[in-house]
Amino acid sequence: MYEKVILTFIFVFLLIISYSIFIGTLDIRSYFYQSPTLQPAPCKPDPPLRVYMYDLPPRFNVGMITRRNTSESPVTVRDFPRWPGNWGLKKQHSVEYWMMGSLLHDGDGGEAVRVSDPELADAFFVPFFSSLSFNTHGHTMTDPATEIDRKLQVDLMEFLKKSKYWQRSKGRDHVFPMTHPNAFRFLRNQLNDTIQVVVDFGRYPKGMSNLNKDVVSPYVHVVDSYTDDEPQDPYEIRSTLLFFRGRTFRKDEGIVRAKLMGILSGYSDVHYERSVATGANIKAETHHHLVAFLMPLRVTVFQSL
(Lines give C-alpha, C1' and ligand atoms only; values in the text may rest on other atoms or scores of the structure.)
Protein backbone atom coordinates (compact mmCIF):
# COMPACT_ATOMS: atom_id res chain seq x y z
CA MET A 1 0.00 0.00 0.00
CA TYR A 2 2.68 2.45 0.98
CA GLU A 3 4.57 1.76 -2.24
CA LYS A 4 1.71 3.22 -4.29
CA VAL A 5 1.70 6.34 -2.13
CA ILE A 6 5.46 6.73 -2.50
CA LEU A 7 5.33 6.19 -6.26
CA THR A 8 2.62 8.84 -6.61
CA PHE A 9 4.69 11.30 -4.60
CA ILE A 10 7.82 10.73 -6.66
CA PHE A 11 5.93 11.05 -9.94
CA VAL A 12 4.41 14.41 -8.97
CA PHE A 13 7.70 15.50 -7.43
CA LEU A 14 9.62 14.81 -10.66
CA LEU A 15 7.03 16.53 -12.82
CA ILE A 16 7.35 19.71 -10.77
CA ILE A 17 11.14 19.62 -10.85
CA SER A 18 11.28 18.87 -14.59
CA TYR A 19 8.83 21.63 -15.44
CA SER A 20 10.72 24.14 -13.31
CA ILE A 21 14.02 23.26 -14.96
CA PHE A 22 12.43 23.34 -18.43
CA ILE A 23 11.04 26.85 -18.16
CA GLY A 24 14.38 28.39 -17.33
CA THR A 25 17.71 28.19 -15.57
CA LEU A 26 16.69 27.03 -12.14
CA ASP A 27 18.02 28.82 -9.10
CA ILE A 28 17.27 26.23 -6.47
CA ARG A 29 17.21 28.77 -3.66
CA SER A 30 14.61 30.96 -5.28
CA TYR A 31 12.58 28.00 -6.52
CA PHE A 32 11.87 26.47 -3.16
CA TYR A 33 10.68 29.70 -1.56
CA GLN A 34 7.61 30.98 -3.37
CA SER A 35 6.57 34.59 -3.40
CA PRO A 36 4.11 35.47 -0.61
CA THR A 37 1.90 37.18 -3.22
CA LEU A 38 0.99 33.83 -4.79
CA GLN A 39 -2.50 32.64 -3.91
CA PRO A 40 -2.87 29.21 -2.32
CA ALA A 41 -4.61 26.41 -4.19
CA PRO A 42 -8.39 26.46 -3.67
CA CYS A 43 -8.46 22.80 -2.65
CA LYS A 44 -6.31 21.56 0.18
CA PRO A 45 -4.14 18.62 -1.00
CA ASP A 46 -3.81 15.34 0.81
CA PRO A 47 -1.38 15.31 3.73
CA PRO A 48 2.18 15.50 2.35
CA LEU A 49 4.37 12.46 2.31
CA ARG A 50 6.78 12.42 5.22
CA VAL A 51 10.30 11.73 4.00
CA TYR A 52 13.39 10.99 6.04
CA MET A 53 16.62 11.81 4.20
CA TYR A 54 19.71 10.00 5.38
CA ASP A 55 22.60 12.18 6.52
CA LEU A 56 25.49 11.15 4.30
CA PRO A 57 28.97 12.72 4.07
CA PRO A 58 29.37 15.07 1.06
CA ARG A 59 31.56 12.55 -0.78
CA PHE A 60 28.34 10.69 -1.58
CA ASN A 61 26.67 13.71 -3.15
CA VAL A 62 27.66 17.39 -3.35
CA GLY A 63 31.33 16.61 -2.71
CA MET A 64 31.44 15.58 -6.36
CA ILE A 65 30.36 19.11 -7.30
CA THR A 66 32.51 21.08 -4.88
CA ARG A 67 35.69 19.01 -4.83
CA ARG A 68 37.28 21.21 -2.17
CA ASN A 69 34.65 20.13 0.34
CA THR A 70 36.39 17.37 2.30
CA SER A 71 34.11 17.60 5.33
CA GLU A 72 32.39 14.52 6.70
CA SER A 73 29.45 16.58 7.93
CA PRO A 74 26.26 16.27 5.86
CA VAL A 75 25.43 19.21 3.63
CA THR A 76 22.87 21.73 4.89
CA VAL A 77 20.61 24.19 3.15
CA ARG A 78 23.23 26.90 3.78
CA ASP A 79 26.07 25.19 1.91
CA PHE A 80 24.11 23.31 -0.77
CA PRO A 81 25.95 24.31 -3.98
CA ARG A 82 24.44 25.48 -7.23
CA TRP A 83 24.61 23.14 -10.19
CA PRO A 84 27.65 24.17 -12.31
CA GLY A 85 26.67 26.07 -15.42
CA ASN A 86 29.36 24.51 -17.62
CA TRP A 87 28.79 20.81 -16.97
CA GLY A 88 26.99 20.02 -20.22
CA LEU A 89 25.60 16.49 -20.42
CA LYS A 90 26.14 15.77 -16.73
CA LYS A 91 23.05 17.87 -16.12
CA GLN A 92 20.99 15.38 -18.12
CA HIS A 93 21.08 12.93 -15.22
CA SER A 94 20.90 15.47 -12.37
CA VAL A 95 17.47 14.51 -10.98
CA GLU A 96 19.28 13.24 -7.87
CA TYR A 97 20.60 16.77 -7.24
CA TRP A 98 17.19 18.45 -7.59
CA MET A 99 15.43 15.90 -5.41
CA MET A 100 17.96 16.35 -2.61
CA GLY A 101 17.76 20.12 -2.95
CA SER A 102 13.99 20.04 -2.73
CA LEU A 103 14.09 18.16 0.57
CA LEU A 104 16.80 20.43 1.96
CA HIS A 105 14.78 23.52 1.04
CA ASP A 106 11.67 22.09 2.62
CA GLY A 107 8.78 24.52 2.84
CA ASP A 108 5.04 24.59 3.42
CA GLY A 109 2.66 23.43 0.71
CA GLY A 110 4.82 20.76 -0.91
CA GLU A 111 3.87 17.20 -1.78
CA ALA A 112 6.56 15.99 0.61
CA VAL A 113 7.99 17.23 3.87
CA ARG A 114 11.28 16.26 5.38
CA VAL A 115 11.10 14.79 8.87
CA SER A 116 14.02 14.53 11.27
CA ASP A 117 12.58 11.53 13.12
CA PRO A 118 12.73 8.37 10.98
CA GLU A 119 9.98 6.82 13.09
CA LEU A 120 7.57 9.32 11.50
CA ALA A 121 8.68 8.70 7.92
CA ASP A 122 6.58 7.20 5.14
CA ALA A 123 9.59 6.95 2.84
CA PHE A 124 13.38 7.10 3.10
CA PHE A 125 15.39 9.07 0.56
CA VAL A 126 19.02 8.02 -0.04
CA PRO A 127 20.96 11.10 -1.28
CA PHE A 128 23.69 9.27 -3.15
CA PHE A 129 24.47 10.88 -6.52
CA SER A 130 25.02 7.55 -8.26
CA SER A 131 24.71 9.00 -11.77
CA LEU A 132 27.17 11.79 -11.05
CA SER A 133 29.47 9.28 -9.38
CA PHE A 134 29.56 7.24 -12.58
CA ASN A 135 30.12 10.34 -14.71
CA THR A 136 32.81 11.62 -12.34
CA HIS A 137 34.62 8.49 -11.19
CA GLY A 138 33.78 5.67 -13.56
CA HIS A 139 32.86 7.10 -16.94
CA THR A 140 35.37 5.05 -18.94
CA MET A 141 34.67 1.91 -16.86
CA THR A 142 38.35 1.02 -17.04
CA ASP A 143 40.49 3.73 -15.45
CA PRO A 144 41.57 3.65 -11.77
CA ALA A 145 38.95 6.26 -10.86
CA THR A 146 36.29 3.59 -11.40
CA GLU A 147 37.38 2.11 -8.07
CA ILE A 148 36.13 5.25 -6.32
CA ASP A 149 32.64 4.72 -7.75
CA ARG A 150 32.66 1.10 -6.59
CA LYS A 151 33.95 2.04 -3.12
CA LEU A 152 31.17 4.58 -2.64
CA GLN A 153 28.58 1.93 -3.45
CA VAL A 154 30.17 -0.56 -1.06
CA ASP A 155 30.39 1.99 1.76
CA LEU A 156 26.80 3.10 1.22
CA MET A 157 25.40 -0.42 1.38
CA GLU A 158 27.39 -1.18 4.51
CA PHE A 159 25.92 1.95 6.07
CA LEU A 160 22.33 1.16 5.05
CA LYS A 161 22.43 -2.46 6.16
CA LYS A 162 23.19 -1.27 9.69
CA SER A 163 20.05 0.87 9.68
CA LYS A 164 17.08 -0.71 11.42
CA TYR A 165 14.80 1.04 8.95
CA TRP A 166 16.51 -0.66 6.04
CA GLN A 167 16.36 -3.97 7.89
CA ARG A 168 12.69 -3.44 8.74
CA SER A 169 11.52 -3.15 5.12
CA LYS A 170 14.52 -4.68 3.30
CA GLY A 171 14.72 -1.36 1.48
CA ARG A 172 11.20 -1.45 0.01
CA ASP A 173 10.41 2.07 1.26
CA HIS A 174 13.81 3.48 0.30
CA VAL A 175 14.12 5.73 -2.76
CA PHE A 176 17.27 5.74 -4.92
CA PRO A 177 17.66 8.17 -7.85
CA MET A 178 19.62 6.29 -10.54
CA THR A 179 18.88 7.96 -13.86
CA HIS A 180 22.10 7.09 -15.65
CA PRO A 181 21.83 3.56 -17.10
CA ASN A 182 25.21 2.72 -15.53
CA ALA A 183 24.50 4.26 -12.13
CA PHE A 184 25.18 1.96 -9.16
CA ARG A 185 26.35 -0.66 -11.65
CA PHE A 186 28.53 -2.63 -9.24
CA LEU A 187 25.97 -3.39 -6.52
CA ARG A 188 22.66 -2.64 -8.18
CA ASN A 189 21.42 -6.20 -7.65
CA GLN A 190 21.33 -5.38 -3.93
CA LEU A 191 18.65 -2.76 -4.62
CA ASN A 192 16.11 -5.04 -6.31
CA ASP A 193 13.41 -4.31 -3.74
CA THR A 194 13.97 -0.56 -3.51
CA ILE A 195 12.14 2.21 -5.35
CA GLN A 196 14.43 3.41 -8.11
CA VAL A 197 14.13 6.63 -10.09
CA VAL A 198 15.27 5.68 -13.61
CA VAL A 199 14.95 6.91 -17.21
CA ASP A 200 14.32 3.52 -18.83
CA PHE A 201 14.50 -0.21 -18.17
CA GLY A 202 16.63 -1.07 -21.18
CA ARG A 203 19.69 -2.48 -19.43
CA TYR A 204 18.21 -4.36 -16.48
CA PRO A 205 16.16 -7.53 -15.89
CA LYS A 206 12.49 -7.04 -15.03
CA GLY A 207 13.11 -8.39 -11.55
CA MET A 208 15.56 -5.56 -10.91
CA SER A 209 13.73 -2.56 -12.36
CA ASN A 210 10.09 -2.41 -13.46
CA LEU A 211 6.99 -0.22 -13.40
CA ASN A 212 5.48 -2.10 -10.48
CA LYS A 213 7.81 -0.37 -8.06
CA ASP A 214 10.02 2.14 -9.89
CA VAL A 215 9.51 5.59 -11.39
CA VAL A 216 10.56 6.71 -14.87
CA SER A 217 11.71 10.32 -14.80
CA PRO A 218 12.39 12.63 -17.74
CA TYR A 219 15.88 13.75 -18.63
CA VAL A 220 16.76 17.17 -17.30
CA HIS A 221 17.06 19.72 -20.11
CA VAL A 222 20.66 20.53 -20.98
CA VAL A 223 20.11 23.45 -23.35
CA ASP A 224 19.10 26.79 -21.87
CA SER A 225 15.43 27.55 -22.29
CA TYR A 226 14.13 30.36 -24.46
CA THR A 227 13.33 33.00 -21.84
CA ASP A 228 11.83 35.78 -23.98
CA ASP A 229 8.60 33.92 -24.63
CA GLU A 230 6.16 36.12 -22.69
CA PRO A 231 3.06 36.77 -24.87
CA GLN A 232 -0.39 35.82 -23.63
CA ASP A 233 -0.67 32.95 -26.11
CA PRO A 234 2.86 31.88 -27.12
CA TYR A 235 1.71 28.76 -28.95
CA GLU A 236 -0.43 30.68 -31.45
CA ILE A 237 2.30 33.13 -32.46
CA ARG A 238 5.14 30.61 -32.77
CA SER A 239 6.26 29.69 -36.25
CA THR A 240 8.98 27.32 -35.13
CA LEU A 241 8.94 23.91 -33.45
CA LEU A 242 12.18 22.90 -31.72
CA PHE A 243 13.64 19.61 -30.55
CA PHE A 244 17.17 19.08 -29.33
CA ARG A 245 19.43 17.44 -31.89
CA GLY A 246 21.24 14.20 -31.08
CA ARG A 247 22.11 10.74 -32.36
CA THR A 248 19.66 9.05 -34.71
CA PHE A 249 20.87 5.49 -34.25
CA ARG A 250 21.40 4.40 -30.69
CA LYS A 251 19.66 1.77 -28.55
CA ASP A 252 17.72 -0.83 -30.55
CA GLU A 253 19.07 0.83 -33.70
CA GLY A 254 17.09 3.96 -32.91
CA ILE A 255 13.71 2.55 -33.98
CA VAL A 256 11.62 5.40 -32.58
CA ARG A 257 14.00 8.11 -33.76
CA ALA A 258 14.26 6.62 -37.23
CA LYS A 259 10.47 6.53 -37.49
CA LEU A 260 10.27 10.17 -36.39
CA MET A 261 12.82 11.07 -39.04
CA GLY A 262 10.80 9.26 -41.69
CA ILE A 263 7.65 11.15 -40.72
CA LEU A 264 9.15 14.62 -40.52
CA SER A 265 12.00 14.76 -43.01
CA GLY A 266 9.74 14.66 -46.07
CA TYR A 267 8.29 18.13 -45.50
CA SER A 268 9.80 21.15 -47.24
CA ASP A 269 9.36 23.38 -44.18
CA VAL A 270 11.03 20.92 -41.78
CA HIS A 271 14.76 21.08 -41.18
CA TYR A 272 15.87 17.74 -39.72
CA GLU A 273 19.48 17.40 -38.64
CA ARG A 274 21.50 14.49 -37.28
CA SER A 275 24.12 15.41 -34.76
CA VAL A 276 26.00 14.38 -31.63
CA ALA A 277 25.45 15.96 -28.21
CA THR A 278 28.94 17.30 -27.64
CA GLY A 279 29.76 20.25 -25.41
CA ALA A 280 30.26 22.48 -28.46
CA ASN A 281 26.92 21.45 -29.95
CA ILE A 282 25.11 22.13 -26.68
CA LYS A 283 26.45 25.68 -26.72
CA ALA A 284 25.60 26.08 -30.40
CA GLU A 285 22.07 24.82 -29.80
CA THR A 286 21.28 27.84 -27.62
CA HIS A 287 22.14 29.98 -30.63
CA HIS A 288 19.97 27.80 -32.87
CA HIS A 289 17.06 28.34 -30.50
CA LEU A 290 17.35 32.10 -30.92
CA VAL A 291 17.93 32.01 -34.68
CA ALA A 292 15.10 29.57 -35.26
CA PHE A 293 12.61 31.81 -33.55
CA LEU A 294 13.54 34.56 -35.99
CA MET A 295 13.01 32.35 -39.05
CA PRO A 296 9.37 32.63 -40.21
CA LEU A 297 7.39 29.70 -41.59
CA ARG A 298 9.98 27.16 -40.67
CA VAL A 299 9.82 24.16 -38.37
CA THR A 300 13.23 23.17 -37.05
CA VAL A 301 13.31 19.68 -35.56
CA PHE A 302 16.26 18.44 -33.54
CA GLN A 303 16.18 14.99 -32.03
CA SER A 304 16.20 14.36 -28.32
CA LEU A 305 19.32 12.90 -26.75
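**Basis of the description**

Helices (H or I, at least four residues) and strands (E, at least two) are DSSP runs, numbered from the N terminus. The model is predicted, so local features need pLDDT of at least 70 and side-chain atom pairs count only at pLDDT 80 or more, whereas totals for chains, interfaces and linings use all residues. Residues are numbered from 1 along each chain as its sequence is written, and side-chain values use heavy atoms, with hydrogens and water left out.

**Met 157 in helix α5**

Met 157 lies in helix α5. With a relative accessible area of 2%, Met 157 is buried (buried means under 20% relative accessible area, exposed over 50%, partly exposed in between; 1.4 Å probe, protein chains only).

Apart from neighbours within four places in sequence, Met 157 is in contact with Trp 166, Phe 184, Leu 187, Gln 190 and Leu 191, where contact means heavy atoms within 4.5 Å. Leu 187 is 30 residues from Met 157 along the chain, and their C-alpha atoms are separated by 8.5 Å.

**Helix α4**

Helix α4 (residues 130-137) is largely enclosed by the rest of the structure, because 8 of its 8 residues are buried. Among them are Leu 132, Phe 134 and His 137. The buried residues of α4 pack against α3 (95-104), α5 (146-161) and β4 (174-177).

In strand β1 (residues 49-53), 4 of the 5 residues are buried, so the strand is largely enclosed by the rest of the structure. Two strands pair if DSSP finds at least two bridges between them.

β1 pairs with strand β2 (residues 112-114) in the parallel sense over 3 bridges; Val 113 in β2 is the bridge partner of Arg 50. β1 and strand β3 (residues 123-125) also pair in the parallel sense, over 3 bridges, and Val 51 stands opposite Ala 123 in β3.
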